[in-house]
Amino acid sequence: MSKKYEKVAYYPGCALEGTAQSYDRSTKAIGKELGLETVELDNWNCCGAMEVKNIDPKLQTYLSARNLSIAEDMGFDTVMAPCNGCYHNLKKAEYDLKNDDASREVNERLSSKAGHKTYEAGKVETIHALDWIKNSVGEEGIKDKIKGGLKGLKIANYYGCMYTRPRHIFPEKDQGPGSESTHKPHFMDDLLAAAGAENVEYPLKTACCGGAHTLSDSDTSTKLVLNLLQAAEACGADVIATECPTCHTGLEMHQIRAAKAFGKETKVKILYFTQLLGLAMGVSPRKLGLQENFSDAMPMLKEKGLI
Amino acid sequence: MISSPQNFDDLLARLEEIEGFSDVDLLSQAKELAQEILGLGEATLHFWIIARDGTPTNAKKEGFSILALHRQGAKGEPSFNACRESCREAVYQYNVILQSGDDEQTLRALKLQIMVVRHLALFISGKLEVAGLGDFCCASKPIRQKDMNLPEMVQGT
């Protein structure tokens with residue numbers, strides 16, 4: 001376990017202040033329960049997301065680098081980003097600044113123009129919320145805090161596409177025992193198993209959720225999500241655990257759309273892994289934002305005696 | 001049996017047809033169906049490679065065409081790796097079906113193999129839908145870039 005992750009800079013990104021407020025709230029709630037501290041970055045900006053990255057990847061690198069620069073200025077060597085898109089983009093910026101002269105040049109120029117310190121690669125490590133919990137308190141830390149746990153709950157852990165790809169921007173992964181795998185990620189499985197849940201074998205844990213097609217080609221997104229939901233049900237899951245706001249929103253929205261547009265109903269519930277860990281630790285559903293989820297898991301959780 | 005579907009609609013229809021078989025029918029031809037479903041996965045990759053003016057390789061990787069085809073499809077297109085694990089899962093479920101002597105496990109693997117290959121087909125067909133894709137979409141970027149005239153301001157960043 002690493003003491004260095006006990007207090008980290010926190011980069012919520014735009015989704016956690018918008019559609020994924022429950023992810024923000026539940027992340028902070030479980031941090032508190034586990035004795036971990038987060039300090040939100042001052043005056044943070046967009047990570048560059050998909051929109052900027054697709055038009056100008058170097059501008060995206062700068063935008064993410066500015067956030068890393070803020071973390072450094074605030075005295076942190078680690079920034080934690082729960083959103084897969086933000087996490088991915090900060091990692092990509094780190095990689096680009098380390099390996100690409102042109103990215104360094106653009107970052108230096110725009111930082112100077114904006115009047116702040118230029119971020120240099122290697123100063124701040126970006127971690128995901130999964131890394132944060134797994135590497136600070138781990139499974140034992142979770143077990144120590146369990147009140148009730150998740151016994152009887154079958155979970156399909158869904159990591160989405162940006163948590164592990166492209167492999168080269170995640171040098172800490174695939175490093176053998178204890179490290180995360182880009183082929184078959186397992187950190188979420190490990191933590192939820194420690195909380196008493198039963199993880200089902202889920203063959204689509206890193207498959208595309210169609211998030212990028214949502215606005216432009218909704219039918220493709222709905223079909224992709226429907227397949228994810230049906231596969232989870234075929235695996236016997238009560239719940240799909242998510243760790244990405246884009247995936248989570250997509251699964252919830254297209255679950256409804258699949259029923260309306262294609263007449264295909266699915267019953268599997270969708271919850272952030274932080275909400276599930278919070279429930280296992282006895283945090284109230286309200287504090288975890290369960291009432292904000294479109295996928296109403298409350299009746300199922302009550303039936304299983306988990307709330 | 002459709003051994004060489006001509007398009008995604010045929011391919012998806014065949015997967016749906018297999019999915020509709022009774023358990024008895026699935027079990028009685030499990031190995032043949034596993035081979036066919038894997039072949040449908042290969043066909044999706046053929047569509048992708050041909051659409052990008054390539055010739056699908058006859059090579060195999062780790063003993064499987066689908067893995068060699070995926071590698072070929074991902075050349076110069078890193079976002080295509082988003083379906084790498086689906087290809088590997090299709091192979092995994094195929095191996096389970098071939099090795100399993102347990103009816104329940106075989107049925108489950110067949111159903112999951114269908115879903116994995118369907119996901120692969122939906123993902124790739126989505127990437128090929130030029131007109132339907134949006135400006136911000138990570139999957140659409142390489143296709144749209146062909147016609148994209150970046151504004152001067154952006155080019156000069």
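Predicted model: local features only at pLDDT ≥ 70, side-chain atom pairs only at ≥ 80, totals over all residues.
## The open sheet in chain A

Let's start with the sheet. Chain A has an open sheet of four strands, in the order S6-S5-S7-S8, and the pairing is parallel. Its edges are strand S6 (198–199) and strand S8 (269–272), each of which pairs on one side only. Looking at one of the pairings, strand S5 (residues 154–157) and strand S7 (residues 239–242) of chain A run parallel and are joined by three bridges.

Helix H10 (residues 245–262) lies across S7 and S8 and runs at about 160° to S8(A). Helix H11 (residues 273–280) lies across S5, S7 and S8, and runs at about 85° to S8(A).

In chain A, the peptide bond from A:Arg165 to A:Pro166 is cis, with omega near -5°. You'll find A:Pro166 in the loop between S5 and helix H8 (187–194) of chain A.

Then there is positive phi outside glycine. A:Asn43 is not a glycine, yet its phi is positive at about 50°. A:Asn43 sits in the loop between strand S2 (37–40) and helix H2 (49–55) of chain A, and with a relative accessible area of 60% A:Asn43 is exposed, because the cut-off for that is over 50%. Over in chain B, B:Asp53 has a positive phi of about 65°, and B:Asp53 is not a glycine either. B:Asp53 belongs to the loop between helix H3 (30–51) and helix H4 (65–74) of chain B. B:Asp53 also counts as exposed, at 75% relative accessibility.

On to the inside. The largest nonpolar core has 69 residues, and the members that touch the most other members are A:Ile133, A:Leu150, A:Leu192, A:Phe273 and A:Leu277. Domain 1 (3–128) and domain 2 (148–303) of chain A both contribute residues to this core, so the core lies between them.

Leaving out residues up to four places away in sequence, A:Leu277 touches A:Ile30, A:Ile133, A:Ile142, A:Leu191, A:Leu192 and A:Ala195. Apart from this core lies another one, of 65 residues, including A:Leu204, A:Ile240, B:Leu11 and B:Ala34.

Now for a pair of side chains to click on. A:Asn89 is in helix H4 (residues 84–99) of chain A. With a relative accessible area of 1%, A:Asn89 is buried, because that value is under the 20% cut-off. Not counting residues up to four places away in sequence, A:Asn89 touches A:Cys47, A:Gly48, A:Ala49, A:Lys53, A:Gln60 and A:Ser64.

B:His119 is in helix H6 (residues 103–128) of chain B, and at 1% relative accessibility B:His119 counts as buried. Which residues does B:His119 contact, leaving aside its neighbours within four places in sequence? They are A:Leu204, A:Ala207, A:Cys208, A:Leu224, A:Asn227 and A:Leu228. Within chain B, the C-alpha atoms of B:His119 and B:Cys87 are separated by 9.9 Å, with the two residues 32 residues apart along the chain.

How values were computed: Residues numbered from 1 in each chain as written. Chains lettered and ligands numbered in written order. Heavy atoms only, no water. Helix = DSSP H or I, 4+ residues; strand = E, 2+ residues; numbered from the N terminus. Buried < 20%, exposed > 50% of the residue type's maximum accessible area, 1.4 Å probe, protein only. Contact = heavy atoms within 4.5 Å. Pairing = 2+ DSSP bridges. Axes fitted to C-alpha atoms, helices over the stretch in contact; angles between N-to-C directions. Core = buried A, V, L, I, M, F, W, Y, C linked by side-chain atoms within 4.5 Å. Domains from an automatic or database assignment.
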